[in-house]
Amino acid sequence: MTHDHGHGPEVLRYTAFSADPEGGNPAGVVLDASGLDEERMLAVAAELGYSETAFLTERTGEGAYTIRYFSPKAEVPFCGHATVATAIALAERDGPVALEFATAAGQVPVTVVREDGELRATLTSVVPYVTEVDAADLAEALAALDWPAAALDPALPPRIAYAGARHLVLAAATRERLAELAYDFARLEALMRRIDLTTLQLVWREAPEVFHVRDPFPVGGVVEDPATGAAAAAFGAYVRELGLVPEAAAVLTLHQGADMGRPGTLTVELRAGDDRVRVSGTGTRIG
C-alpha cells in the first residue's frame, strides 16, 4: 500500500481480472475519500498513474457507497476493473458481501464470493444500449488505428456500445491484426473526445463465446487498458443486440492484457429477461 506523502488518504493497490498481481488491470482504491475534493482525487490518480483509481466518497448504508473514478487525466462515469478491485478490497476487510455502488452512470450492485480460495467479484451494469457509428467517425477511427477496412471481421460489425461508458466496438478479422496494435495517440484521442468514447473495444473472436480484446485508452492518458470491465459489459450488450449469442442466456470469456504482458480474464454473463450485463473476475492486492 502507499500513503500520499504520509498525510493524505490511504491508497491501496489491487489488480482486477487476475489472481496474479502481475496480471490483470491495476487500480488504486481509496476506501475513505470523504475528505477529498475533485482536484485532490485527480492528483492522487495522476500520482499513482494507473488507468483508474476508485474513491469511496460516502457510505450510504450497509454495503452501500458512493464511488467515483478518476484516470490520470479526468473523471470517468464508470470503471469496471476499479469497481471489482474496490469490491475485493472491501471483501478482504469485511468478508464476502453484497455491495451497492452509486456511480455517476447509475446504481451498480456487486457481489463478492470466495471460490476455490479466491475472491471473485461480479458487477451488474446499468441498462446498456447499442447504436450505429457514423461512417465518417468509423473511417477516422480506422485511420487513427492504421487499419484498412478489410482488416475488420464482417460478422461483427462496428457499433458504439454503452453499459456505463461508451465504447466503439471494432472486430479484427485476425488475431495478428489485434496483436499489432500501434495507433496515432493524438488523432484517436481527438476523435474519442468528440464522440464521447471511453475506450475502443477491439476484439477478435476465437470461438463462439471466447474473445480476445484490447482497449486503447488515450482519453485516460494511457496507451492501453489491460482489462476493461466497463467495455466488457458494453460488449455483452453488443453481442446480444447483434444476435451473436443465444437470446436466452450466454456466458462469454474475454481474454485481455496478454499482448501487454498482463494477462487477465473477464467473464461476461447475459441472463434471460434482464437487459443488464454481469461482469465477473478475480482480483488481488498488489504489494
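Strand β14 (residues 210-217) and β16 run parallel and are joined by four bridges, where strands are DSSP runs of E with at least two residues and helices are DSSP runs of H or I with at least four residues, numbered from the N terminus. Two strands are said to pair if DSSP finds at least two bridges between them. The model is predicted, and local features need a pLDDT of at least 70, side-chain atom pairs count only at pLDDT 80 or more, and totals for chains, interfaces and linings use all residues. Residues are numbered from 1 along each chain as its sequence is written, and side-chain values use heavy atoms, with hydrogens and water left out.

On its other listed pairing, β16 runs antiparallel to strand β17 (residues 264-271), with seven bridges joining them. The table gives the strand pairings described in this report.

| Strands | Sense | Bridges |
|---|---|---|
| β14 and β16 | parallel | four |
| β16 and β17 | antiparallel | seven |
| β2 and β3 | antiparallel | five |
| β3 and β4 | parallel | four |

Leu-254 lies in strand β16 (residues 250-256), and Phe-211 stands opposite Leu-254, while the bridge partner of His-255 in β17 is Thr-265. Leu-254 is buried, with a relative accessible area of 0%; buried means under 20% relative accessible area, exposed means over 50%, and partly exposed is in between, with a 1.4 Å probe and protein chains only. Not counting residues up to four places away in sequence, Leu-254 touches residues including Phe-211, Val-213, Phe-235 and Leu-266, where contact means heavy atoms within 4.5 Å.

In a regular strand the side chains alternate between the two faces of the sheet.

Strand β3 has Asn-25 as the bridge partner of Ala-16, and in β4 (residues 52-61) the bridge partner of Gly-28 is Thr-53. Ala-16 and Leu-254 are 238 residues apart in sequence and 13 Å apart in space, C-alpha to C-alpha.

Which residue in the loop between β2 and β3 is described here? Phe-17 is placed in that loop, has a positive phi of about 75° although it is not a glycine, and counts as buried at 2% relative accessibility. Asp-146, in the loop between α3 (135-145) and β11 (159-162), also has a positive phi, of about 60°, without being a glycine, but Asp-146 counts as exposed at 60% relative accessibility. Most residues other than glycine have a negative phi.

Taken as a whole, the protein chain has six helices and 18 strands, and 56% of its 287 residues count as buried. Along its principal axes the C-alpha trace spans about 55 × 40 × 30 Å. Among contacts between residues at least 6 apart in sequence, 63% join residues at least 24 apart.
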